[in-house]
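Please open the model in your viewer and keep the sequence beside it.

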Amino acid sequence: MTGAESERRLPLVVDLKISGFAAMKGEFFARATDSGLGHIREEDWKSKGEQLGELGSVPVLSFRDGENTDSALISVGDNLALVTRHNQSHIEAYVAGPTPAACDLEVERLRALLPEPVVEPAGETVEVSVWSEIEQIGQRRRDREIPVRQWGEVSANYVGSARTELDRLMALTPENVGPGRVIVWHGDPGTGKTHALRALAHSWKAWCDTHVVLDPETLLRKADYLHRIASCRPSDQPERFNLIALEDAGELLSADARERIGQGLSRFLNFSDGIAGESLRAMLLVTTNEPLKRLHPAITRPGRAASQVEFEAFDVAAANRWLEEHGSRARTSTPKTVAELYALLEGQTAQVPERRAIGFAA
C-alpha cells in the first residue's frame, strides 16, 4: 500500500463544506471495489433514538450535517458498511461483503443495534414512502404514517364511472394485476383524487407498498431513480408490489412530453407495458387536473393503462342528495365538487381555489 493510500484510510471527519453524504457513498463503493467485495446489499428501515451510537466498530470515516444526517463508514470483519441516519429516524445502510450470506448477517447485526420503534398507531393509518432528490446528496426517502379513511367510508364521495372503476381498483389483488402498469386519474381540483389515493394505499397495503414522488420530472429524467423505487422492497418479501404515485404530473405527460422530458417519456411507456414494469412488480399512478385529451396519446392508448378514471363533480341532484345524507340543510342549484360540498357542510363558501397545496406532502 502506498503512503497516499494509507493516508486515505486514516479515520477522519468530513466537513460538510468539503464533502457530504454523496461523497460518503462514493468512498464506500471505492473501498468495496478496492477490497474485492463483490456483493452489496442496501436496506432501509426506521429506528428509535436520535443518533447512530455505537456500531461495534470505530468508524473509518464519519459525516454529520447538523441534526438531519449522521453517517458512518465502518469495517467489521470482512464486511464494509455505510450506515446513515436521515431526519433522526430513517436508517439507510449499504453493506459490502464477500458473499450474500455475509451481507445478510451484517444487516441483521445492524438492525439489532438500531432497532425499529414499537408504535401503536391511533386510528386507521398507512405507511407511505415520500421520495425526492437533493443536490449533492442524491435520492432521499422519508417513511410517513398517514391517517386514512377506508374506501367504504369515502366511496359515497365519488359518482358515475369513477365510483365504479374505483370500486374495482380497491378490490384488486396481485393475481388480478394485468400487463398494463399505469393508472391515470384526471379531474378538476377538489374532486377527491388525493383522498382516493390514500384509500387505495390502505386497500392494497397487504400486498403493495406506496411511494409518493415529490419531483416527478426528475424521476422521469433519471432511469436509476425510477428503477430504485420500483425495486425497493423488504428482502424477506420479494413478491410485494410497489405503487409509485406522481401527483399533479399531467403536464409532464402532455402531447409535447418529449420536448419536456426527452427520453423520460420513452422510459415511462416502456415501464407501463414493457418487460421492466412487469418484472419489477411495480405500477405507476399519475394524477392530473388536465383533461385526458391533453395527455400524450401513447399514454392513453387501449391496453397501456391498467385503469383510467375521470373524477367528476356531483350534478345538482346528486349534490343535494349528498348534502341531505350528511345532515345539512344547505342546497345547491349548480354542480359541485366533493370539496365544495364539504365546504357547504361546514358553512363555508363553496369555492375551491384553482391551485393549492395538495397531496401527501401538503
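**Charged pairs and a cavity**

The count of salt bridges comes to 14, where a salt bridge is a side-chain nitrogen of Lys or Arg within 4 Å of a carboxyl oxygen of Asp or Glu. This is a predicted model, in which local features need pLDDT of at least 70 and side-chain atom pairs count only at pLDDT 80 or more, while totals for chains, interfaces and linings use all residues. Residues are numbered from 1 along each chain as its sequence is written, and side-chain values use heavy atoms, with hydrogens and water left out.

Begin by selecting R111 and E43, which form a salt bridge whose closest N and O atoms are 3.0 Å apart. This pair links distant parts of the chain, since R111 lies in helix α3 (residues 100-113) and E43 in strand β2 (residues 39-46), 68 residues apart; helices (H or I, at least four residues) and strands (E, at least two) are DSSP runs, numbered from the N terminus.

Next, select D143 and R141, a salt bridge with its closest N and O atoms 2.9 Å apart. Here D143 counts as buried at 15% relative accessibility, and R141 counts as buried at 14%.

Move on to helix α5 (residues 160-170), where D167 and R163 both lie, 4 residues apart, or about one turn of the helix. Their salt bridge has its closest N and O atoms 3.6 Å apart; D167 is partly exposed, with a relative accessible area of 35%, and R163 is partly exposed as well, at 30%.

For the last stop, select N157, Y158, V159, A162, T191, F311 and E312, which line the largest cavity. A cavity is a set of points on a 1 Å grid over the protein atoms alone where a 1.4 Å probe fits but cannot get out, and its lining residues have an atom within 4 Å of a point. About 30 Å³ of space lies in this cavity, the volume being the space filled by probe spheres set on the points, which are joined across faces, edges and corners. The lining divides into 4 nonpolar, 2 polar and 1 charged residues.

Conventions. On a 1 Å grid over the protein atoms alone, a cavity is a set of points where a 1.4 Å probe fits but cannot get out, and a pocket is an open set with protein on both sides within 12 Å along at least five of seven lines; lining residues have an atom within 4 Å of a point. Ala, Val, Leu, Ile, Met, Phe, Trp, Tyr, Cys and Pro count as nonpolar, Asp, Glu, Lys and Arg as charged, and the others, Gly among them, as polar. Buried means under 20% relative accessible area, exposed over 50%, partly exposed in between (1.4 Å probe, protein chains only).
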